Amino acid sequence: MISTKIRISILFTILALAFSSSSCAEPIPPQTEFIIGTVCNVNLFEKGSREAYKEIFARLREIEERMSANAEGTEVDAINQAAGIHPVSVHPDTLEVIRAARHYAEISGGAFDPTVGPLVKLWNIGSEDAAIPLQSELDQALHLIDWRNLVIDETAKTAFLKQRGMRLDLGAIAKGYAADEVARIIERHRIPRAIIDLGGNVLAYGSKQGNKPWRIGVQDPSGARGSYIGILEIINKTMVTSGVYERFFIEEGRRYHHILSTHDGYPVQNGLLSVTIVADRSIDADGLSTTVFALGYERGEALVESIPGLAAIYVFEDLSIKLSPGVKNSFKLTNPNFHLVK
Ligand code: FAD
Ligand code: MG
């Protein structure tokens, strides 16, 4: 005769098995969290597991804790505090992003510059007290901006800002690195397909079922969030947009956005509303979306065409769109407010 205790324990085991098998079969919904200053959404589709999602969001938090320029105690904050005083030891994550940022600074002649921090702080675009700075303040900030004074020691694994008052800001490139790191976790978990969307920094991992391309909406820079100019079809690629719509304020009818000119200290004005870069690695797409926006169409497109595997979509203030050769067959205009030009 089975004792009551054993009977209860068998019942619990059956219930536990039934519960665990039914929860295993249930698809786990996509997960969203607010990290790195933006809404991060990850969809692992049918192969998503709680462990994979947990690992992904822990990794995003880790990257934020190392690279945020806005929080105290990060490695970027330590580099900024030690500007003009001493080099700071940094984790390989941070070193890799700084190395890439310096590369984009170098190839853009400083139009992209990770030492833009003093200007970013001065304008404070995205916060409630954003305002047009005084010319004297802009001049002072511009004096401090020079990527060549951001020194990496590859042997000692340190980064150093040579002048007091300099400020490192990796906001234009760190989200791309974060998306690549999420893709690495997905690969390790042998998950075949996923969409990683870190505030518009989209990485389409693998393909849709049946080896079909993903169809990703390209943000309308003149419209509401979530409205599109068209659809881009991609497989295993990343797509990152930089534009005037992400963070801005309007004063006396003029829009002041967050991509700043390292020449005059004002938001870049060159007729562009947005630049979307399509690439294999998100760190490159993110770095280049800001770089190409800052360079403007002519110099930007020359840079895009010089790098194999890269393509760009340019949206202009007159609502015209130009495509670089790499996306001519994969982008479809769907918004009648815009028109394609050669
Ligand atoms: P991108 O075009 O990719 O980048 C624009 C950003 O790059 C600007 O906002 C500025 O920071 C910088 N920049 C401007 N001009 C130049 C230039 N000429 N060269 C190089 N860089 C330039 N936001 C918050 O509000 N709160 C937070 O706590 C916060 N934490 C963050 C932590 C991390 C690790 C990161 C990466 C970002 C964080 N952010 C936070 C967001 C950040 O401040 C930027 O607004 C955001 O990264 C801009 O990304 P984007 O893709 O919209 O534009
Ligand atoms: Mg960028």
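Trainee: Let's start with one residue. Is Thr 290 buried or exposed, and why?

Mentor: Thr 290 counts as buried, because its relative accessibility is 13% and the cut-off for buried is under 20%. Keep in mind that this is a predicted model.

Trainee: Which residue could I set beside it as an exposed case, and why does it count as exposed?

Mentor: Take Lys 54, which counts as exposed because its relative accessibility is 66%, and exposed means over 50%. Lys 54 sits in helix α2. Its C-alpha atom is 9.5 Å from that of Gln 31, a residue 23 positions away along the chain.

Trainee: How many of the protein's residues count as buried?

Mentor: The figure is 50% of the 342 residues. For the overall picture, the protein has nine helices and 17 strands, and its C-alpha atoms fill a box of roughly 90 × 55 × 40 Å along the principal axes.

Trainee: Back to Thr 290. Which protein atoms are the donors of the magnesium ion?

Mentor: Thr 290 is one of them, through its OG1 atom. The others are the O atom of Ala 172 and both an O and an OD atom of Asp 286, and the donors lie 2.1 to 2.5 Å from the ion, which is ligand 2. Along the chain, their spacing reads A-x113-D-x3-T. Distant parts of the chain are linked here: Ala 172 belongs to the loop between β5 (158-161) and α7, while Thr 290, 118 residues apart from it, belongs to helix α8.

Trainee: What geometry would I compare a metal site with?

Mentor: Ideal angles are 109.5 degrees for four tetrahedral donors, and 90 or 180 degrees for six octahedral ones. Water is not among the atoms here, so a site may look incomplete.

Trainee: Now ligand 1. Which residues come nearest to it?

Mentor: Of the 24 residues around ligand 1, the nearest are Gly 171, Ser 242, His 258, Leu 260 and Thr 290. The shell divides into ten nonpolar, seven polar and seven charged residues. Helices α2 (50-67), α7 (174-188) and α8 (282-295) each supply at least two of its residues.

Trainee: Which N or O atoms of the protein lie 2.6 Å and 3.0 Å from oxygen atoms of ligand 1?

Mentor: At 2.6 Å from a ligand oxygen there is a backbone N or O atom of Gly 171. At 3.0 Å from a ligand oxygen there is a side-chain N or O atom of Asp 286. The protein covers 87% of the 940 Å² of accessible area that ligand 1 has on its own. Asn 70 takes part as well, with a side-chain N or O atom 3.5 Å from a nitrogen of the ligand.

Trainee: How do I read the sheets?

Mentor: The general idea is that strands pair through backbone hydrogen bonds, either parallel or antiparallel. In this model, nine strands form an open sheet with mixed pairing, in the order β1-β2-β6-β7-β10-β13-β14-β15-β17. At its edges are β1 (31-35) and β17 (339-340), each pairing on one side only. Within the sheet, β10 (237-243) and β13 (272-279) are antiparallel over six bridges, and Val 240 stands opposite Ile 277 of β13.

Trainee: Why is strand β9 described as largely enclosed?

Mentor: Five of the seven residues of β9 (228-234) are buried, so the rest of the structure largely encloses this strand. Strand β8 (214-219) runs antiparallel to β9, joined by six bridges, with Gln 219 partnered by Tyr 228. Strand β16 (331-333) also pairs with β9 in the antiparallel sense, over three bridges, and there Gly 230 has Leu 333 as its bridge partner.

Key: Residues are numbered from 1 along each chain as its sequence is written. Chains are lettered from A and ligands numbered from 1 in the order in which they are written. This is a predicted model: local features need pLDDT of at least 70, side-chain atom pairs count only at pLDDT 80 or more; totals for chains, interfaces and linings use all residues. Side-chain values use heavy atoms; hydrogens and water are left out. A residue is near a molecule or strand if one of its heavy atoms lies within 4 Å of it. A polar contact is a pair of N or O atoms within 3.5 Å; within protein, one must be able to donate a hydrogen and the other to accept it, and residues adjacent in sequence count only if both atoms are side-chain atoms. Accessible areas come from the Shrake-Rupley method with a 1.4 Å probe; for residues, only the protein chains shown count as cover. Helices (H or I, at least four residues) and strands (E, at least two) are DSSP runs, numbered from the N terminus. Ala, Val, Leu, Ile, Met, Phe, Trp, Tyr, Cys and Pro count as nonpolar, Asp, Glu, Lys and Arg as charged, and the others, Gly among them, as polar. Buried means under 20% relative accessible area, exposed over 50%, partly exposed in between (1.4 Å probe, protein chains only). Two strands pair if DSSP finds at least two bridges between them. Donors are N, O and S atoms within 2.8 Å of the metal (3.2 Å for Na, K and Ca); water is not among the atoms, so sites may look incomplete.
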